[in-house]
Amino acid sequence: PNLPQTHHNMGRIYLQKGDWEKAESHFLKAISLRSNFFPSYGALAELYYKKGDLQKAEEYKKKLRELTQ
């Protein structure tokens with residue numbers, strides 16, 4: 001299904017399993033379906049922190065703050 005919440009939930013499952021590639025794919029799909037779907041921005045920030053990509057993590061954290069202000 002092409003619902004942002006569904007892709008976000010799938011991303012969370014993969015993130016918990018440690019499958020970062022699939023998690024990232026689902027979070028990005030959620031955002032592509034609804035550009036202001038802020039939960040996936042936060043999840044991507046978390047994912048990139050775990051991967052050690054602090055620059056990308058900060059980018060998504062910043063986008064999350066912009067969307068939730």
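Is Pro1 buried or exposed? Pro1 belongs to the segment before H1, and at 73% relative accessibility Pro1 counts as exposed; buried stands for under 20% relative accessible area, exposed for over 50%, and partly exposed for values in between, with a 1.4 Å probe and protein chains only. The structure is a predicted model, in which local features need pLDDT of at least 70, side-chain atom pairs count only at pLDDT 80 or more, and totals for chains, interfaces and linings use all residues. Residues are numbered from 1 along each chain as its sequence is written, and side-chain values use heavy atoms, with hydrogens and water left out.

Leaving aside neighbours within four places in sequence, Pro1 is in contact with Thr6 and His7, where contact means heavy atoms within 4.5 Å. Between Pro1 and Gly11, ten residues apart in sequence, the C-alpha to C-alpha distance is 14 Å. Glu21 has its place in helix H2 and, at 66% relative accessibility, counts as exposed. In the loop between H1 and H2 lies Asp19, which counts as partly exposed at 26% relative accessibility. Asp19 and Leu64 are 45 residues apart in sequence, and 23 Å separates them in space, C-alpha to C-alpha.

The helices are DSSP runs (H or I, at least four residues), numbered from the N terminus.

Leu47 is found in helix H3 and counts as buried, at 0% relative accessibility. Beyond its neighbours within four places in sequence, Leu47 is in contact with Leu15, Trp20, Ala23, Glu24 and Phe27. The C-alpha atoms of Leu47 and Lys22 are separated by 11 Å, the two residues being 25 apart along the chain. Leu44, not counting residues up to four places away in sequence, touches Glu24, Phe27, Leu28, Ile31 and Tyr60.

The packing of the helices can now be followed from H3. Two packed helices are described by the angle between their axes and the distance between the axes. Axes are lines fitted to C-alpha atoms, for helices over the stretch in contact, and angles run from 0 to 180 degrees between N-to-C directions. The axes of H1 and H3 come within 10 Å and cross at roughly 20°. H1 and H3 are therefore roughly parallel to each other, a term for angles under 35 degrees, while those over 145 count as roughly antiparallel, 65 to 115 as roughly perpendicular and the rest as oblique. The contact joins His8, Arg12 and Leu15 of H1 to Pro39, Ser40, Ala43, Glu46, Leu47 and Lys50 of H3. By class, the residues of the contact of H1 with H3 are four nonpolar, two polar and three charged. Here Ala, Val, Leu, Ile, Met, Phe, Trp, Tyr, Cys and Pro count as nonpolar, Asp, Glu, Lys and Arg as charged, and the others, Gly among them, as polar.

For H2 and H3, the axes come within 9 Å and cross at roughly 155°, which makes H2 roughly antiparallel to H3. Trp20, Ala23, Glu24, Phe27, Leu28, Ala30 and Ile31 of H2 make this contact with Ser40, Tyr41, Ala43, Leu44, Leu47, Tyr48, Lys50 and Lys51 of H3. Eleven nonpolar, one polar and three charged residues form the contact of H2 with H3.

H3 and H4 pack at an angle of about 160°, with their axes 8 Å apart; H3 and H4 are therefore roughly antiparallel to each other. The residues of the contact of H3 with H4 comprise eleven nonpolar, two polar and four charged. Among the residues that meet there are Leu44 and Tyr48 in H3 and Tyr60 and Leu64 in H4.

Technical notes:
Helix = DSSP H or I, 4+ residues; strand = E, 2+ residues; numbered from the N terminus.
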